[in-house]
Amino acid sequence: MMLAIGAGYLPLNAAGTPEVLKAEYFSVFPGKYSKDGKSILYTYGRENDVINRFNVYDEDLQPVKVIEPVKLPALESKNYVQSRKDGYELVEPMGQEYVNGEAVEINGSTTGLSIERVQGYIFAIYGSGEIATLTDGTSVVAINYFDQWTYGNKYPLEYYREIDGKWYRCIQEYGGSNWGPYGEWGDIEEQSSKFEPEVESIYLYPDSGGDSESYRLTKGIFGDDCHYVMPLYQLRDFTKEFEYYDKPGWIYRKEWGTGCFCVGMVVYDSSNKEVLTINLPAGYTSWYDIDFFQLGDKRYLALEGVEDEKGEEYLLVYRLEDNNSVSFVTAAPSSKVSPRNPKRGEKVSVTLDRDTVGDGAVVQVVSASGQTMLSTKIPAGQTLLDIDTSGFSQGMYVVTVSGNGVSKEAAKIIVR
């Protein structure tokens with residue numbers, strides 16, 4: 001039987017009678033991940049950009065069932081952002097001020113003009129102009145400023161000021177001959193976002209390695225029936241500060257408010273019954289990928305992009321038991337693995353935190369098919385291990401770090 005796609009339609013041949021089903025999206029879930037060994041094809045549609053229905057077909061392209069995923073309430077977050085530019089240069093006038101053009105004339109008058117009247121006149125012409133103060137205390141009508149992104153409205157660069165009773169357009173030169181601290185905060189920007197939870201994708205890693213495939217609907221991973229995954233969102237108050245440079249105190253951005261954070265996931269069956277719930281450990285939120293893979297006869301779920309309270313990203317790994325329960329197999333990771341998507345032959349570095357793993361840490365690398373590629377004990381005092389990937393095939397590998405007899409950390413790398 002031939003499956004063809006054309007103009008957004010999925011041709012089906014059922015009992016010899018051609019039928020056409022409009023299918024905006026479709027996918028085939030492979031039988032090797034299913035308990036009965038049979039593949040399924042499913043299509044799904046969206047409403048308001050949210051998946052609202054799965055149509056499930058068997059290997060003969062016969063309709064099996066229609067699944068309407070549970071609809072979770074939307075959450076709205078509101079946060080505020082403010083940026084700051086810090087530095088250490090003291091800006092001073094260079095002693096050069098250039099007068100440009102004739103005196104301002106308003107209704108035939110060049111004298112006796114107030115600063116407020118000049119401001120209104122300038123604003124009508126340029127669409128800008130505010131009353132500002134030069135470093136010597138002189139009030140002027142500023143059009144623009146010197147390095148405004150860095151210093152804000154502190155140093156008028158082009159402005160109108162009164163000279164001998166008349167107003168002239170002037171340009172000032174600035175320089176930095178001394179150094180000292182400065183800091184300017186920008187305006188506070190209010191942002192709001194609406195989060196409407198929808199079905200997540202699970203990425204399957206074939207035994208042969210290589211790139212993963214993503215599926216909205218699964219069969220066999222969590223039991224005999226068809227299943228889908230919904231994220232658990234929660235509104236939380238938060239405050240974040242971002243340092244863009246490696247100089248202490250150079251904070252360039254801060255953000256605060258009430259945000260929408262992903263704190264877990266729920267697996268539902270085709271009748272919308274909860275099959276499995278995973279709550280992230282306290283202090284951890286969000287992820288961007290859900291991975292399913294097998295090492296030998298053991299099955300694992302891995303949540304990528306999980307963040308701690310400091311914004312550090314980790315991979316959290318759960319072992320999936322036969323009764324669909326899960327056991328958390330990673331401690332809060334303290335070791336860093338980089339890069340996560342190396343080219344074949346590129347070195348992958350593992351940086352250890354001795355406070356967590358102690359001396360005698362063991363690093364292992366296992367392929368998606370369960371083959372141990374590396375198992376080595378790190379000598380006392382060593383905090384860095386380089387892994388040579390020249391002997392690796394393209395595909396997924398799991399790097400684990402064990403130490404102190406109890407902690408076990410995991411990171412996934414994909415060799416290109």
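Author: Let's start with F29, which has its place in strand β3 (residues 25-29); a strand here is a DSSP run of E with at least two residues, numbered from the N terminus. This is a predicted model, in which local features need pLDDT of at least 70, side-chain atom pairs count only at pLDDT 80 or more, and totals for chains, interfaces and linings use all residues. Residues are numbered from 1 along each chain as its sequence is written, and side-chain values use heavy atoms, with hydrogens and water left out.

Reader: Is F29 buried or exposed?

Author: Buried means under 20% relative accessible area, exposed means over 50%, and partly exposed lies in between, using a 1.4 Å probe and protein chains only. F29 has a relative accessible area of 0%, so F29 is buried.

Reader: Which residues does F29 touch, leaving out those up to four places away in sequence?

Author: Contact means heavy atoms within 4.5 Å. I40 sits 11 residues from F29 in sequence, and their C-alpha atoms are 5.4 Å apart. With residues up to four places away not counted, F29 touches S39, I40, Y42, L204, Y215, L217, T218, K219 and I221.

Reader: Which residues are linked with F29 into a cluster by ring pairs?

Author: Rings of Phe, Tyr and Trp (its six-membered ring) pair if their centres lie within 6.5 Å; planes under 30 degrees apart are stacked, over 60 edge-to-face, and the rest tilted. The structure holds 13 aromatic pairs. Ring pairs join F29 in a cluster with Y33, Y215 and F292.

Reader: What kind of pair do F238 and F261 make?

Author: F238 is in strand β16 (residues 226-243) and F261 in strand β17 (residues 251-269), so their pair ties together parts 23 residues apart in sequence. F238 counts as buried at 13% relative accessibility, and F261 does too at 15%. Their ring centres are 5.7 Å apart with the planes at 85 degrees, so the pair is edge-to-face.

Reader: And what kind of pair do F293 and Y300 form?

Author: Both F293 and Y300 are buried. Their rings are 5.5 Å apart centre to centre, with 20 degrees between the planes, and the pair is stacked.

Reader: Which residues touch the most other members of the largest nonpolar core?

Author: A nonpolar core is a set of buried Ala, Val, Leu, Ile, Met, Phe, Trp, Tyr and Cys residues joined through side-chain atoms within 4.5 Å. The largest one has 39 residues, and β17 gives the most to it, with 5 residues. M265 has contacts including V229, L232, W287 and L303. The members touching the most others are F54 and M265.

Reader: Zooming out, how much of the chain is buried?

Author: The chain has 3 helices and 29 strands, where a helix is a DSSP run of H or I with at least four residues. Among contacts with a separation of 6 or more, 55% come from residues 24 or more positions apart. Of the 416 residues in the chain, the buried share is 42%.
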